[in-house]
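Here's a quick walk through one protein chain, going from its overall layout down to a few single residues. Have the viewer open as you read.

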Amino acid sequence: MSATLLAVGFDLDYTLWDHGDFAASFFGAIACELGGRLGCSGRRVECVLADTLARLTLGHPRLFDEALLRMGVEDPGLVAELVERYHRHRPPLRPYPGALDELRRLRNRGYRTFLVTDGLSDTQRYKVEALGLRPWFDELVFTGDFPRILHKPSPFPFLLACRRLGVRPRQCAYVGDNPLCDFEGPMRLGMLTIGVPTGPFAGRPSPPGHPPERLVAGLGELGGLL
Ligand SMILES: [Mg+2]
């Protein structure tokens, strides 16, 4: 265990599991029904949704608007219905291979662990349970419980995790995948920031935002860094 680090925090989506699985599962679940309503095949609906997602990135506020437009449909009511159903979607989920092992190893080495995740709180809480992650975290901060200004990249949720754990930010590391929102807040507090190349930003030559101080090839390398 590092002499100065006491706690290790994690982002959730694309850091501990492939969030793309969630969208793919939703698209598959609604494809046939939506195709029937739109007068096209379920296969076409699924392909257009997946292709639109690939172009816009997950969490894009106009994902369903754009996909429906590409199928010749402009229907705000249907978009609202799909968004609402997307947030209520509850598929079985799997963490990245080795993610639970790494959390277990960190805990066994004496580190406290915490989660800071953006997104709708109900959905994020469901993911944590469905992924089997709950037993491996000492503290969980769901920023959806707070006003938008306190979500990432605000330092607030990271400071809150520290307060709850009774540690100083400089005694923490935070692991994430997204340079747009994962690293600025913890960096401003003096946390060590560590990037994993497992999200939509992986492989981009010059990703936007704030890069992490350290990069690892995967969660399995954390042990060698901390
Ligand atoms: Mg992420």
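## Domains

A word on terms before we start: the domain bounds used here come from an automatic or database domain assignment. The model itself is a predicted one. For this chain, the assignment gives domain 1 as 7-17 + 94-225, and domain 2 as 20-88. Take the centres of domain 1 and domain 2 over their C-alpha atoms, and they sit 29 Å apart.

## The sheet

Next up is an open sheet of six strands, paired in parallel and ordered E3-E2-E1-E4-E5-E6. E3 and E6 (214-215) are the edge strands; each has a single partner, so one side of each has no neighbour in the sheet.

Zoom in on E2 and E3 and you'll find two parallel strands joined by four bridges. Threonine 117 has phenylalanine 142, in E3, as its bridge partner.

## Two cores

Which residues touch the most other members of the largest nonpolar core? They're Ala173, Val175 and Met191, in a core of 33 residues. Elements that each supply at least two residues to this core include strands E1 (7-10), E2 (112-117) and E3 (139-142), along with helices H5 (99-108) and H7 (156-165). Strands E4 (172-176) and E5 (192-195) also supply at least two each. E4 gives the largest share, with four residues.

Valine 175 is a handy one to click on. Skipping its neighbours within four places in sequence, valine 175 is in contact with Val8, Gly9, Phe10, Asp11, Thr15, Ile194, Val196 and Leu222. Apart from this core lies another one, made of twelve residues, with Ala31, Val45, Leu53 and Phe64 among them.

## Around helix H3

H3 spans residues 63-70, and its buried residues are Leu63, Phe64, Asp65, Ala67 and Leu68. What covers them? Part of the cover comes from helix H2 (42-56) and helix H4 (76-88). After H3 comes glycine 72, which has a positive phi, near 80°.

## Arginine 55

Helix H2 is also where you'll find arginine 55. Is arginine 55 buried or exposed? Its count is 12 other C-beta atoms within 10 Å, and the cut-off for exposed is 12 or fewer, so arginine 55 is exposed.

For a sense of distance, pick arginine 164 as well: C-alpha to C-alpha, arginine 55 and arginine 164 are 39 Å apart in space, with a sequence separation of 109 residues.

Definitions and conventions:
Residues numbered from 1 in each chain as written. Predicted model: local features only at pLDDT ≥ 70, side-chain atom pairs only at ≥ 80, totals over all residues. Buried ≥ 20, exposed ≤ 12 C-beta atoms within 10 Å, placed from the backbone. Contact = placed C-beta atoms within 7 Å. Core = buried A, V, L, I, M, F, W, Y, C linked by C-beta atoms within 7 Å. Pairing = 2+ DSSP bridges.
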